[in-house]
Structure formats: C-alpha cells, structure tokens
Amino acid sequence: MFFFKHKLGEGQVGLVVTPEGVAVAHVVWEEEQPVLKKCFFEESAAQGNVDGFMLAELLKKNELFHYPFVGVLPDNVYEIFPFDAPQVPLSEMGLAIKWRLKDRLDFPVEEAVVEVFDLPGNRPGEPPKSVYVAVAREREVRACIQRFQDAKVTLKAVDIPELIFRNLTSRLEDDRDGMASLYLWRRRGLVMLTKQKTMYLARHINTGLEQLMDAVDGRGTISARELAGVGLVDELALEVQRTMDYFESHFFQSPAASLHIAPMEIPFPNLPEVMADKLGMRVKPMQLASILKIETEAAELDLARSLSAIGAAMRRDETVEVPAK
C-alpha cells in the first residue's frame, strides 16, 4: 500500500541507468507544451549496478521521489522488427505472435515478453497486414522494473529508445514532412525516420562516439575538412543514406526533409556540416529548445547525457502500463 500513501507530483520523471551513471528528467505538460522542470546526470562508478537504495537517496535529495516514473530498457536487451500480422483480434495479437517467434529467438519463447505496435501503411479500421514487434527476455524487463520497486517509487511504464526518441522528433517542425534523426551514444548509434508523430523505421548501428574519437585521435574539435576525410564518417553517412533509401522505397515516401543530429556528450561541432556535404541534404543539430520549454539550469552536457530520460518523461498516456509483478 506504500504507493497510495502519498499524492504523486505533477508530470512524470524519466529515469535511465547507464554504465556511466543515472540520467533523470522531470517534465510537466502545460497546455500541450512539455516543460523540462529538472534534469541532471549523476555519475557513478557502479557500472550500471545502481541499487534501489542508491536511487531512492538520489531522488529524495533532488525532491523527485513522489512522482510517477518511466523507465527505459537498455538497447541491447531487446529486438524490434516488422512482422506479418496474424489474422486475430488486436487484443490477441501479442500472444499470437509470441508463439511464432520460436525460431527467431536465442532463448525459450516461454521467457519472451512481446509488445506490438502499428506499422505505418496499415489502413485505419482494417486488420493490420504488418506490425512492429518488440521482444525482450522477461528477466531483463523484470530487472528494470525491480530497480524501481526496490527504490519504492511509482513506476508508470517501461519504454524503449525508439519510442522515447519519437517523443522528441514529433515536436519538431520537420516531422510534418518526414525527417531523419541520428543519435550517437558511447558505443552504438541509432538512425530513425519519423513522420507526423509516427516512427517508420529505426536502425541500430555499431558506430558510437568512442569509435569516432578513436578515428580522429581524440580530437573532438577537428576541422570540417579533416573530419570529412575520416573513413568512419563515410561509413556513418552510408548507414544514414541506406536507412533513408529504405524509408522511401519500402514505405513509398518522399525523401526526408532533413537530418537532425541529437545532442552528444562528446560534441563534434562540425559533424552536421560534413554530413550535409556527404548526404546532399539539410543537416542540423537537434535543438532541445525547439522541442520543449527548458526551465532547468542544467548544463548542455547533462542535457545531452539525459536525452533518453527527457524523451521518457515526455511520454503521453496512450500506451500500456507495465505488467503487474
């Protein structure tokens, strides 16, 4: 009954645990405008092994304990892919698909947690021909949930990076006509195509900030001319181009209006200019101030490191809550 002893605060808090620390963001929607009230990144030497007590103390210290929370699964513990929809009612879709995944999974299908969401191209009111499937091992989902339960906070939902980043792009003007976005983390990256608040395509790539730093000998302030000659940047541009080509050909869409490069914890200020030359399109830094109103005094580095938490905190209530324990 602990969760019913306190009235929850307004808005919700996105919380993401990474090997480097804990990202926390508090967002309140005011007249359809998301407002970032608080955001910080707490570095940790625990390599992602942050327990419930540590989280509770951190949240109490920052006066965020009594709020609803949204967690995010690590990108390496689940898969997301399109799947032919079985001819069953939507309420039975997840279960029907689960038992068809047996040969695709490297663990027993009985241990799978499956979520299904719409694939663009399905006609409203008609049974879907294809859907997106997100599948994870139950123990990975439970581990994420358990962290919040151990901290004794109210967990509202567990989301995945593709959907929380859609929360960001849906607020940008270019999303109206279709846009690409690029997210670079320390060891991996993500290329997404969204249009009119819908995620069409998302591809994880093996290029991350650490690989990029190695390729330029640790010089984050490398000139645009030098950066353009780095082979890894050519590979990165190729991955983006392949994703956009698939978006156009498979979904019969017009070319993306632009590519937005999300804030990075290791900044490469000349990367947008170089990528624009290589792709022959508009490339711009993703401006958080164009996505939500920022009332916190968080440093630019904290905002970049907390991007997942911000997207999670912006989640609206149209999706399903986490399963009961």
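Two strands count as paired here if DSSP finds at least two bridges between them, with strands (E, at least two residues) and helices (H or I, at least four residues) taken as DSSP runs and numbered from the N terminus. The model is a predicted one, so to speak of a local feature takes a pLDDT of at least 70 and side-chain atom pairs count only at pLDDT 80 or more, while totals for chains, interfaces and linings use all residues. Residues are numbered from 1 along each chain as its sequence is written, and side-chain values use heavy atoms, with hydrogens and water left out.

A handy place to start is Phe-83, which sits opposite Val-131 of β7. Strand β7 covers residues 130–137 and runs antiparallel to β5, the two being joined by seven bridges. They belong to an open sheet of three strands, ordered β5-β7-β6 and paired antiparallel. At the edges are β5 (78–84) and β6 (112–118), each with pairing on one side only. On average, neighbouring strands in this sheet are turned by 25° against each other, direction ignored; the axes are lines fitted to C-alpha atoms (for helices, over the stretch in contact), and angles run from 0 to 180 degrees between N-to-C directions.

On to the charged side chains. A salt bridge is taken as a side-chain nitrogen of Lys or Arg within 4 Å of a carboxyl oxygen of Asp or Glu, and by this rule there are 21 of them. Glu-20 pairs with Arg-186, with 3.9 Å between the closest N and O atoms. Accessibility is sorted into buried (under 20% relative accessible area), exposed (over 50%) and partly exposed in between, using a 1.4 Å probe and protein chains only. Arg-186, at 23%, counts as partly exposed, and so does Arg-187, at 45%. Both arginines and Glu-20 are part of a salt-bridge network that also takes in Glu-43, Glu-210, Glu-265 and Arg-305.

Nonpolar cores are sets of buried Ala, Val, Leu, Ile, Met, Phe, Trp, Tyr and Cys residues joined through side-chain atoms within 4.5 Å. The largest has 100 residues, and those with the most contacts inside it include Leu-15, Phe-69, Leu-182 and Ile-310. Helix α7 (residues 231–251) gives the most to this core, namely eight residues. Contact means heavy atoms within 4.5 Å; setting aside neighbours within four places in sequence, Ile-310 touches Ala-25, Val-27, Leu-36, Cys-39, Leu-168, Leu-288, Leu-292 and Leu-303. Another core lies apart from the largest one, with 14 residues, among them Leu-101, Leu-105, Val-133 and Val-135.

Finally, Thr-296 lies in the loop between β14 (293–294) and α9 (300–305). Thr-296 is buried, at 15% relative accessible area. Beyond residues up to four places away in sequence, Thr-296 touches Leu-36, Lys-37, Lys-38 and Cys-39. A polar atom of the Thr-296 side chain also lies 3.3 Å from the backbone nitrogen of Ala-298.

How values were computed
Polar contact = N/O pair within 3.5 Å; in protein donor to acceptor, adjacent residues only side chain to side chain.
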